[in-house]
Amino acid sequence: MIIVMKKVFVSIALAAVALGSQAQIVKNDLLKGYKEGDVLEKTVYNDKRAPINVDTWCGGFTSKPVEGSVSPTIGKALTYEGYSEAGPSITLGFPQGVKGSRVSVYSLVESGKVYSKGTYYIACLVNFSKVGTNLADFLAASASYVGGGNRGQVYVRREGNDKIKFAVGLMKERNEAPMVYDYNTTHLLVLKVDYDKNEVSLFVDPDLNQNEPKADVVVAGEEGALKAGLKAISFRNRSGFKGNIGNFRFAKDWAGAIGK
């Protein structure tokens, strides 16, 4: 009887730990139901005051759409050892001859909820085979569910002929991570938005066998830079890109972001 009770208590304790670690995941499996070749965007916000489409990938609002740009499509699966989010990704790039960029957004808000206190993490996997020579943003935490008002952006650029560099930005400030990274390799990126410190941080290929490590690069904002709350994950596709991005997670702590 004592042994049985001990097993019960152990099971309850393990379940509590599991629930506690998962409780801080706000959104994940953002490409659930998609298969390779599917169109990402379910609709497009044609007005900045358009009703919200909750838990749905939509084309972001813009007053000057790029002629010929279309919704990204779903591509191959990406995986990263130790990162539990798996499944298909979004294919990067535009049709031949089309120049410019296009924003797709995924709403994080429900019933008026806004994320504006404490810290938040957006994790994803990326695999680039082509990027431009200048820093270009491709991922952001947005203060608007139709896109725009970014409160943390991730950038990438080419370094030499065979490497890439990542950077993080907040409003007009941006800062590059010191290391270079390989093309055609899947990288884990974690963007941290810290309202208490009024700063954003970027982790590139972090060690998943330890607690939250030191960020690779940090940008501190001016006073009030993070006043607006987060309402969406914003992804910017570009004509100069080739590769894939996916396996998104939005969480309130490090464990939730990496899936521990």
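Colleague: Is C124 buried or exposed?
Modeller: C124 is buried, because its relative accessibility is 0%. Keep in mind that this is a predicted model.

Colleague: How many disulfides does the whole structure have, then?
Modeller: Zero, going by a search of the whole structure. C58 is in no disulfide either, with the sulfur of C124 as its nearest cysteine sulfur.

Colleague: Is C58 buried or exposed?
Modeller: Buried, because C58 has a relative accessibility of 0%.

Colleague: Switching to charges. How many salt bridges are found?
Modeller: The search finds twelve in the whole structure. One of them pairs R102 with E41, at 2.7 Å from N to O.

Colleague: Where do R102 and E41 lie?
Modeller: R102 is in strand 6 (residues 101-107), while E41 is in the loop between strand 1 (25-28) and strand 2 (43-44). They are 61 residues apart in sequence, so the pair ties those parts together. Both R102 and E41 are buried.

Colleague: What does R238 pair with?
Modeller: R238 forms a salt bridge with D137, and their closest N and O atoms are 2.5 Å apart. That links distant parts of the chain, with R238 in strand 16 (residues 232-238) and D137 in strand 8 (residues 136-142), 101 residues apart. D137 counts as buried because its relative accessibility is 11%.

Colleague: And E176, which residue does it bridge to?
Modeller: To K165, with 3.5 Å between the closest N and O atoms. E176 is in strand 11 (residues 173-176) and K165 in strand 10 (residues 163-170), eleven residues apart. K165 is buried, with a relative accessible area of 11%, whereas E176 is partly exposed at 26%.

Colleague: Last topic, the surface. Which residues gather in the patch of positive charge?
Modeller: K99, K130, R158 and K242.

Colleague: Where is R158, and why does it count as partly exposed?
Modeller: R158 sits in strand 9 (residues 150-159).

Technical notes:
Residues are numbered from 1 along each chain as its sequence is written. This is a predicted model: local features need pLDDT of at least 70, side-chain atom pairs count only at pLDDT 80 or more; totals for chains, interfaces and linings use all residues. Side-chain values use heavy atoms; hydrogens and water are left out. Patches are made of residues with over 30% relative accessible area and no salt bridge: like charges are joined within 9 Å, nonpolar side chains (Val, Leu, Ile, Met, Phe, Trp, Tyr) within 5 Å. Accessible areas come from the Shrake-Rupley method with a 1.4 Å probe; for residues, only the protein chains shown count as cover. A salt bridge is a side-chain nitrogen of Lys or Arg within 4 Å of a carboxyl oxygen of Asp or Glu. Lys and Arg count as positive and Asp and Glu as negative; His and the chain ends are not counted. The place of a charge is taken as NZ of Lys, CZ of Arg, CG of Asp or CD of Glu. Helices (H or I, at least four residues) and strands (E, at least two) are DSSP runs, numbered from the N terminus. A disulfide is a pair of cysteine sulfur atoms within 2.5 Å. Buried means under 20% relative accessible area, exposed over 50%, partly exposed in between (1.4 Å probe, protein chains only).
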